[in-house]
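Please report on the fold and local geometry of this protein chain.

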Amino acid sequence: MIKFGPSGTDEAFAAAGYSHTVEVPSFIKENGLDIFEYSFGRGVRITKETAEKIGQAFREKEVGISVHAPYYINFAGEEPQKLRATFDYLFASLDAVKWFGGTRAVFHPGSPLKSERREAMERLLRAINLFMEEFYLNGYEDRFVCAETMGKINQLGDLDEIIEIVNVAENILPCVDFGHLNARTYGSLKSKNDYKRVLDALIDGVGEKKVKNMHVHFSKIEYGKGGEIRHLTFADQIYGPEFEPLAELLAEYRLEPWVLSESAGTQSIDAKTMKNLYFKHYDNK
Ligand SMILES: [Zn+2]
């Protein structure tokens, strides 16, 4: 079944009088949602004990949880020490998501820094291969890493690059951030056909099974010459993209992704809007 929810706690969570992560599952249920993404963007700082308490609360309410790995990850890095740190950040995220009772850790693949893009991409693919060897050797096969499409043009992670990364191993899923794709292509996602081209390329590239179970980030995003500038809310009328044409396609293709709203402060409200739009089209099919 397709699932919708917010990435991080938002203004409505605080306004409802909540503050702690163990209260998130109640908030998700009260708002008619299904899932939540917990950010380790600034580092994996949580004890096993706390994480397991949070996990228990999510299990009791049957709310799904995924995590976002630290932003410092760079699989295209050249220094061995930094590459080791990248591996450790992602493994730590995978440990924590298991304590939470989840299976998915989203990561930003990396950036070329000063090297040529294709050269950096080859380095990144070699590093991800090595990472996945360790992944299987150390018993992580009950979990998934989700490689995210990136919003800034100078970051690795356009759609074709994500397809290459996802094809490295069975336990890598695509995390398609449609706001990012729209930002790095200066607003190319407008019609249902625009989204269809993306989904068809993805299905061609990584196969139907991985697309059916993919991870999705969605928000409207302001962009400029370099791509992404900042996340907006669904109130934006200028930059987009609009979710409805995608909702129609997700329903038509019978895809079952985890869809997370990354709106700026209105994640739970916009996630519910997406869920309603999806079921409007699902029920009409
Ligand atoms: Zn991300």
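Which residues does Ala-147 touch, not counting residues up to four places away in sequence? Ala-147 touches Phe-107, Pro-109, Ile-162, Ile-165, Val-166, Ile-172, Pro-174 and Cys-175. Contact here requires C-beta atoms, placed from the backbone, within 7 Å.

This is a predicted model: local features need pLDDT of at least 70, side-chain atom pairs count only at pLDDT 80 or more, and totals for chains, interfaces and linings use all residues. Residues are numbered from 1 along each chain as its sequence is written.

**A residue in strand E5**

Ala-147 sits in strand E5 (residues 144-148). Ala-147 is buried, because 26 other C-beta atoms lie within 10 Å. Buried calls for 20 or more such atoms within 10 Å, exposed for 12 or fewer, and partly exposed covers the values in between, with C-beta atoms placed from the backbone. Gly-41 is 106 residues from Ala-147 along the chain, and their C-alpha atoms are separated by 14 Å.

**The whole chain**

The protein chain has 11 helices and 10 strands. These are DSSP runs, numbered from the N terminus: helices are H or I with at least four residues, strands are E with at least two. Of the 285 residues, 45% are buried. Along the principal axes, the C-alpha trace spans about 45 × 45 × 30 Å. Among contacts with a separation of 6 or more, 81% join residues 24 or more positions apart.

**Two helix pairs**

Two packed helices are described by the angle between their axes and the distance between the axes. Axes are lines fitted to C-alpha atoms, for helices over the stretch in contact, and angles run from 0 to 180 degrees between N-to-C directions.

| Helix pair | Axes come within | Crossing angle |
|---|---|---|
| H6 (residues 159-166) and H8 (residues 192-206) | 9 Å | roughly 25° |
| H3 (residues 48-61) and H4 (residues 80-100) | 7 Å | roughly 45° |

The angle makes H3 oblique to H4. It makes H6 roughly parallel to H8. Angles under 35 degrees count as roughly parallel, over 145 as roughly antiparallel, 65 to 115 as roughly perpendicular and the rest as oblique.

From H6, Leu-159, Ile-163 and Val-166 make the contact with Val-198, Ala-201, Leu-202, Gly-205 and Val-206 of H8. By class, this contact has 7 nonpolar, 1 polar and no charged residues. Ala, Val, Leu, Ile, Met, Phe, Trp, Tyr, Cys and Pro count as nonpolar, Asp, Glu, Lys and Arg as charged, and the others, Gly among them, as polar.

In the other pair, Lys-48, Ala-51, Glu-52, Ile-54, Gly-55 and Phe-58 of H3 meet Ala-96, Trp-99 and Phe-100 of H4. The contact of H3 with H4 has 6 nonpolar, 1 polar and 2 charged residues.

**Backbone exceptions**

The peptide bond from Gly-240 to Pro-241 is cis, with omega near 5°. Pro-241 lies in the loop between strand E9 (227-231) and helix H10 (244-252).

Leu-113 is not a glycine, yet its phi is positive, about 50°. Its loop runs between strand E4 (104-107) and helix H5 (117-137). Leu-113 is exposed, with 11 other C-beta atoms within 10 Å.

Arg-254 also has a positive phi, near 55°. Arg-254 is found in the loop between H10 and strand E10 (258-261). With 10 C-beta neighbours inside 10 Å, Arg-254 counts as exposed.

Notes:
Contact = placed C-beta atoms within 7 Å.
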